[in-house]
Every structure is written in C-alpha cells, then in structure tokens.
Amino acid sequence: MRYQLELTLRRAEGALTRVLGTAERRGFAPLSVDAHAHADGERWQLRMTVQGEREPEGLQHQLAKLHDCLAVKVQPCA
C-alpha cells in the first residue's frame with residue numbers, strides 16, 4: 001500500500017537522513033521526496049510517498065518521536 005507523508009522538520013543537520021532511515025527501518029520504501037524551506041529558514045516542509053505492507057500508524061508514531069520532527073501526517077494515496 002502507498003502512503004503520503006507530510007512532515008514539518010526543523011532545518012537541522014541530518015534531519016532528512018533520520019526521517020528516511022526511520023521509514024526504511026519500519027518497512028516503508030521511499031518512492032518520492034519533495035521538500036522546501038519555509039520563509040523563516042528554520043523549518044522544512046517535506047512531502048514523501050512511501051510503500052509498505054505495515055500499518056502506517058506505527059510509522060507516524062516513530063516519526064513523531066524524532067527530535068527534529070515538529071508535525072507529521074500520514075494518509076493513504078488515492
């Protein structure tokens with residue numbers, strides 16, 4: 001199943017690597033990643049499509065635990 005993730009991250013060294021690594025360790029393969037910096041220069045808005053057979057709530061919970069993750073939303077792709 002494919003899922004769309006929308007995240008707000010602190011713009012910190014290694015933040016994107018931690019998000020990608022967490023998704024992969026939880027059994028979700030990243031298919032696409034799109035990110036842009038907020039005007040304040042302190043945050044990134046990240047949209048990522050992943051594919052996996054596990055329940056997405058576990059991934060959402062683990063991403064929310066990351067220090068640099070300010071917000072995360074997961075929904076099935078249409």
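## Ground rules

Helices and strands here are DSSP runs, counted from the N terminus: a helix is H or I over at least four residues, a strand is E over at least two. Heads up that this is a predicted model, where local features need pLDDT of at least 70 and side-chain atom pairs count only at pLDDT 80 or more, while totals for chains, interfaces and linings use all residues. Residue numbers start from 1 along each chain as its sequence is written, and side-chain values use heavy atoms, with hydrogens and water left out.

## The sheet

Let's start with the strands, which count as paired if DSSP finds at least two bridges between them. There are 4 of them in an open sheet, ordered β2-β3-β1-β4 and paired antiparallel. At the edges sit β2 (29-37) and β4 (69-76), each with pairing on one side only. From one strand to the next, the twist averages 15°; axes for angles like this are lines fitted to C-alpha atoms (for helices, over the stretch in contact), and angles run from 0 to 180 degrees between N-to-C directions.

Going through the pairs, β1 and β3 are antiparallel with 9 bridges, and E6 faces R47 of β3. Between β2 and β3 there are 8 bridges, again antiparallel, with A29 opposite Q51 in β3. The hairpin of β2 and β3 has 5 residues between its strands, and G41 there has a positive phi near 75°. Finally, β1 (residues 2-10) is joined to β4 by 7 antiparallel bridges; Q4 has Q75 of β4 as its bridge partner.

## The two helices

"Contact" below means heavy atoms within 4.5 Å. Helix α1 (residues 15-25) packs on the sheet and touches β1, β2 and β3 (43-51), with its direction at about 20° to that of β3. Its buried residues are A15, V19, G21, T22 and A23, where buried means under 20% relative accessible area (over 50% is exposed, in between is partly exposed; 1.4 Å probe, protein chains only). Those residues pack against β1, β3 and α2. After α1 comes G27, with a positive phi near 90°.

Helix α2 (residues 56-65) lies across β1, β3 and β4, and runs at about 170° to β4. Q62 belongs to this helix. Beyond its neighbours within four places in sequence, Q62 contacts T22 and R26. With R26 there is a side-chain to side-chain polar contact of 3.2 Å; the term covers a pair of N or O atoms within 3.5 Å, and within protein one must be able to donate a hydrogen and the other to accept it, with residues adjacent in sequence counting only if both atoms are side-chain atoms.

In soluble globular proteins, nonpolar side chains tend to be buried together. A nonpolar core here is a set of buried Ala, Val, Leu, Ile, Met, Phe, Trp, Tyr and Cys residues joined through side-chain atoms within 4.5 Å. The largest one has 16 residues, of which L5, L7, V19, V50, L59 and L63 touch the most other members. Two or more residues each come from β1, α1, β3, α2 and β4, and β1 gives the largest share, 4 residues.

The structure has 1 aromatic pair. Y3 and F28 make it edge-to-face, at 6.0 Å centre to centre and 75° between the planes. It links distant parts of the chain, 25 residues apart, with Y3 in β1 and F28 in the loop between α1 and β2. The criterion: Phe, Tyr and Trp rings (the six-membered one for Trp) pair if their centres lie within 6.5 Å, with planes under 30 degrees apart counted as stacked, over 60 as edge-to-face and the rest as tilted. Both Y3 and F28 are buried.

D68 sits in the loop between α2 and β4 and counts as buried because its relative accessibility is 7%. Its side chain has a 2.3 Å polar contact with that of R18. Neighbours within four places aside, D68 is in contact with T8, L9, R10, A12, A15 and R18.
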